Amino acid sequence: MSTETTRDPPRRIAVLISGSGTNLQALIDACNTPRLPHTHIVLVLSNRKAAYGLTRAATADPPIPTAYIGLQPFLRANPGATRAEYDLAVAKEVVKARPDVLVLAGWMHIVSEGFLEVMRGVRALPSSPESERASGGEDADEDGEGELHVTREIPVINIHPALPGQFDGANALERGFEAFQRGEVDKLGVMVHRVVAEVDRGAPLIVRAVEVHKGEDLKNDYEPRMHQTEWEIIVEATKLVLDEVRPIGNR
């Protein structure tokens with residue numbers, strides 16, 4: 001590693017999860033290896049309190065900061081709050097962590113356009129916690145009106161267990177497998193794509209086919225192959241985006 005690279009701060013990843021966190025584990029294992037050099041995870045946020053991914057983060061070496069913001073608890077704690085305000089509360093935690101990229105690794109919420117506007121830096125977050133329940137951090141400046149806004153876009157990427165345009169939305173793995181077994185499609189795969197407001201319609205970063213066979217079992221045969229491929233490409237896509245926004249040796 002060059003002296004210049006050593007002096008530069010590590011590249012920063014934030015991760016949103018909802019479940020066991022196997023894709024998160026792939027990122028944890030890859031950090032500061034040739035697969036994901038000079039990089040660390042600065043936040044793992046879950047919308048489910050019992051998500052095992054939070055344990056993976058807390059027991060990593062070194063431990064990774066975690067946060068939990070559940071939709072229904074948020075709405076109960078903030079009478080009159082909306083789903084849009086919940087998204088801004090999540091955006092607040094992400095921006096505070098100052099990531100170079102945000103990875104949705106099994107995040108079981110559709111992110112709103114307002115959330116994405118914050119990540120792009122075109123929507124400011126009020127600095128007061130009482131106002132829209134949002135805030136900011138480094139790469140987020142406070143202006144004269146007390147608002148915070150991202151000054152450098154935070155790319156948002158998502159892993160989805162289907163080929164582009166094939167099975168958008170929830171339960172794509174199961175829907176795809178069933179469609180293949182019925183002869184409705186002749187190939188299946190997985191992608192990591194940039195996140196836009198339209199569900200699973202952002203530009204693909206990496207697309208990879210996953211082997212599938214007639215008559216095989218979903219849980220014992222196809223699903224393990226799918227997950228193995230996911231663990232590979234989520235790391236590859238994260239590195240691809242980091243190399244765009246924070247090439248090693250550049251601030």
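Begin by selecting Lys239 and Asp243, whose side chains form a salt bridge with an N to O distance of 2.7 Å. The model is a predicted one, and the distances given on this tour are computed from it. Both residues belong to helix H8 and lie four residues apart, a separation of about one helical turn. An α-helix has 3.6 residues a turn, so residues three or four places apart point the same way. Colour by accessibility, and Lys239 counts as partly exposed at 25%; Asp243 is likewise classed as partly exposed, at 31%.

Arg11 is part of strand S1 (residues 11-17) while Asp243 sits in helix H8 (residues 218-245), so the contact ties together parts that are 232 residues apart in sequence. Arg11 is buried, with a relative accessible area of 0%. With the three residues displayed together, a network of salt bridges linking Arg11, Lys239 and Asp243 can be traced. The structure as a whole holds 15 salt bridges.

Next, select the whole of H8. Its 28 residues should span 40 Å at 1.5 Å a residue, and the end C-alpha atoms are 38 Å apart, which agrees. Centre the view on Pro224 to find a kink of about 25° in H8. Then move to the start of H8, where a side-chain oxygen of Asp217 comes within 3.1 Å of the backbone nitrogen of Lys219.

Which residues form the next salt bridge to inspect, Arg152 and its partner? The partner is Asp100, and the closest N and O atoms of the pair are 3.0 Å apart. This pair links distant parts of the chain, 52 residues apart: Arg152 is in the loop between strand S7 (147-150) and strand S8 (156-160), and Asp100 is in the loop between helix H5 (83-96) and strand S4 (101-104). Arg152 counts as partly exposed at 32% relative accessibility, whereas Asp100, at 3%, counts as buried.

Now display the strands as a cartoon. Seven of them form an open sheet with mixed pairing, in the order S3-S2-S1-S4-S8-S9-S10. Strand S3 (66-68) and strand S10 (204-210) are the edges, each pairing on one side only. Neighbouring strands in this sheet are turned by 20° against each other on average, direction ignored. Within the sheet, select S8 together with strand S9 (residues 188-194): the two pair in the antiparallel sense over four bridges. One place to look is Ile157, whose bridge partner in S9 is Arg194.

Finally, select helix H6 (residues 113-120). Which of its residues are buried? They are Gly114, Phe115, Leu116, Val118 and Met119. Step past the end of H6 to Gly121, which follows the helix and has a positive phi, near 85°.

With S1 and H8 both displayed, the pair of Arg11 and Asp243 can be seen joining strand to helix.

Technical notes:
Residues numbered from 1 in each chain as written. Predicted model: local features only at pLDDT ≥ 70, side-chain atom pairs only at ≥ 80, totals over all residues. Heavy atoms only, no water. Salt bridge = Lys/Arg side-chain N within 4 Å of Asp/Glu carboxyl O. Buried < 20%, exposed > 50% of the residue type's maximum accessible area, 1.4 Å probe, protein only. Expected span 1.5 Å × (residues − 1). Bend = angle between axes of the 7 residues up to and from the residue. Polar contact = N/O pair within 3.5 Å; in protein donor to acceptor, adjacent residues only side chain to side chain. Pairing = 2+ DSSP bridges. Axes fitted to C-alpha atoms, helices over the stretch in contact; angles between N-to-C directions.
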